[in-house]
Amino acid sequence: MSWSSLIPATSFMPIQATEIAKEVDLLYAFLIIASLVSFVILIGGMTWFLIKFKRTSLDQKSAYITHNNFAEFLWSFIPLVIMMGIFYWGMVIFEKLRTPPEDIAAEIHVTAEQWAWTYRYANGKEFYSSGNDPMIVPAGKATKLILTSKDVIHSFYVPAFRTKQDAVPGKLTQLWFEPKQPGEYIVFCTEYCGTKHSGMMIKIKAIPSEEYAAWYHAEKKGADTPADLGKVLFAQKACASCHSLDGSRIVGPTMKGLFGSNRKFADGSQAKADENYLRESILVSSAKIVEGYPPAMPVFQGQLSDEDVANLIEYIKSIK
């Protein structure tokens, strides 16, 4: 029996494979019903007025009708309240879709290109979608994807999860999901990216967490993991001469506990040290100068490949 056979099919909407999918569908259903009610009130009212106040003779004159302040207030205020409620409801769901939980079980780097996806795991396992290899993730656990693109804008969309995120060249974006149960879920590219755009379909295969752990550790973790490659590059570029690994202060900020921390900059602004911040700081160090430190770091843009930057980021993330 395949995992996909465990998931019931539906002809109206894709399956609700995550808890957030239920919330998205509830909001969508409300929008459909609210639109239907609005349509009935508007078109029904207009039709009733056309019939009730139809002119019965050619010389009949319309009665003089004054406006009603209370009625005008109601038909403006009630839709405003409903629209603000919808906006807030959508904002809450959007925030959930875009903010991964703290207990991430799997983190996968996904690189898009015309017309395939490459996904690389923290232990160095790497798969290319043209080989029909599914993306293996744990069921019942949260998975975070870090997306980028080698060429044009692509978009990673999983209908069953009700989540979508663009993969943009030169930028890191993120997406997360938590499949409720084992199964296979189709991924589409929903940003037209060329002649074979429609062929960029892959499968996400969610398996029980115990089975995922066995699969993940099936091959011994070697020296070719992204973090290990980043450590080698960190040494080759002499980064440790300016950035300590133990929390001590030298020329530049320490790498210890850097990822995920809040950074204050010389211009008074602040930002969270996520993947995009680290990428920008590595390539264009002068973009954001940390408060209390001199702008001494060289610019590495043009000297490091996207893979080099990704490996450095993974190494920095591992320095707790």
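Which residue in S7 is the bridge partner of His 154? In S7, that partner is Ala 167.

## Basis of the model

The model is predicted, so local features need pLDDT of at least 70 and side-chain atom pairs count only at pLDDT 80 or more, while totals for chains, interfaces and linings use all residues. Residues are numbered from 1 along each chain as its sequence is written, and side-chain values use heavy atoms, with hydrogens and water left out.

Helices (H or I, at least four residues) and strands (E, at least two) are DSSP runs, numbered from the N terminus.

## Sheet and strand pairing

Five strands make up an open sheet with mixed pairing, in the order S4-S10-S9-S6-S7. Two strands are taken as paired if DSSP finds at least two bridges between them. Strand S4 (135-139) and strand S7 (163-167) are the edge strands, each pairing on one side only. From one strand to the next the twist averages 25°. Angles run from 0 to 180 degrees between N-to-C directions, and axes are lines fitted to C-alpha atoms, for helices over the stretch in contact. Contact means heavy atoms within 4.5 Å.

Strand S6 (residues 154-158) pairs with S7 in the antiparallel sense over five bridges. Arg 162 is placed in the loop between S6 and S7. Although Arg 162 is not a glycine, it has a positive phi of about 55°. Arg 162 counts as buried at 11% relative accessibility; buried means under 20% relative accessible area, exposed over 50%, and partly exposed in between (1.4 Å probe, protein chains only). Helix H3 lies across S4 and strand S10 (202-208), and runs at about 110° to S10.

Another antiparallel pairing, over five bridges, joins strand S5 (residues 142-149) and S8. Here Thr 143 stands opposite Phe 177 in S8. Strand S8 (residues 173-177) is mostly covered, with four of its five residues buried.

## Aromatic pairs

Rings of Phe, Tyr and Trp (its six-membered ring) pair if their centres lie within 6.5 Å; planes under 30 degrees apart count as stacked, over 60 as edge-to-face and the rest as tilted. By this rule the count comes to 16 aromatic pairs. One of them is stacked: Phe 73 and Phe 77, at 5.2 Å centre to centre with 10° between the planes. These two residues are separated by about one helical turn because they are four residues apart in helix H2 (residues 69-98). Phe 73 is partly exposed at 46% relative accessibility, and Phe 77 is partly exposed with a relative accessible area of 40%.

Tyr 121 and Trp 215 form an edge-to-face pair, 5.1 Å centre to centre and with 70° between the planes. This pair links distant parts of the chain, 94 residues apart: Tyr 121 is in strand S2 (residues 116-121) and Trp 215 in helix H3 (residues 209-216). Tyr 121 is buried, at 1% relative accessible area, whereas Trp 215 is partly exposed at 22%. Both belong to a cluster linked by ring pairs, together with Tyr 119, Phe 127, Tyr 212 and Tyr 216.

## Charges over rings

A charge sits over a ring if NZ of Lys or CZ of Arg is within 6 Å of the ring centre and within 35 degrees of the ring normal. Lys 125 lies over the face of Trp 215, 4.2 Å from the ring centre. The charged end of Lys 52 sits over the ring of Phe 53, at 5.6 Å from its centre.

## Helix H6

The 13 residues of helix H6 (residues 306-318) should span 18 Å at 1.5 Å a residue, and the end C-alpha atoms are 19 Å apart, which agrees. The expected span is 1.5 Å times one less than the number of residues. Buried residues in H6 include Val 309, Leu 312, Ile 313, Tyr 315 and Ile 316. The cover over the buried residues of H6 includes strand S1 (104-113), S2, S5, helix H4 (226-236) and helix H5 (275-283).

## Loop residues

Leu 245 is in the loop between H4 and strand S11 (262-264) and is partly exposed, with a relative accessible area of 38%. Leaving aside neighbours within four places in sequence, its contacts include Phe 234, Tyr 315 and Ile 319. Ala 238 is also found in the loop between H4 and S11; its phi is near 55°, a positive value in a residue other than glycine.

Trp 115 lies in the loop between S1 and S2. A cis peptide bond, with omega about 0°, joins Gln 114 and Trp 115.
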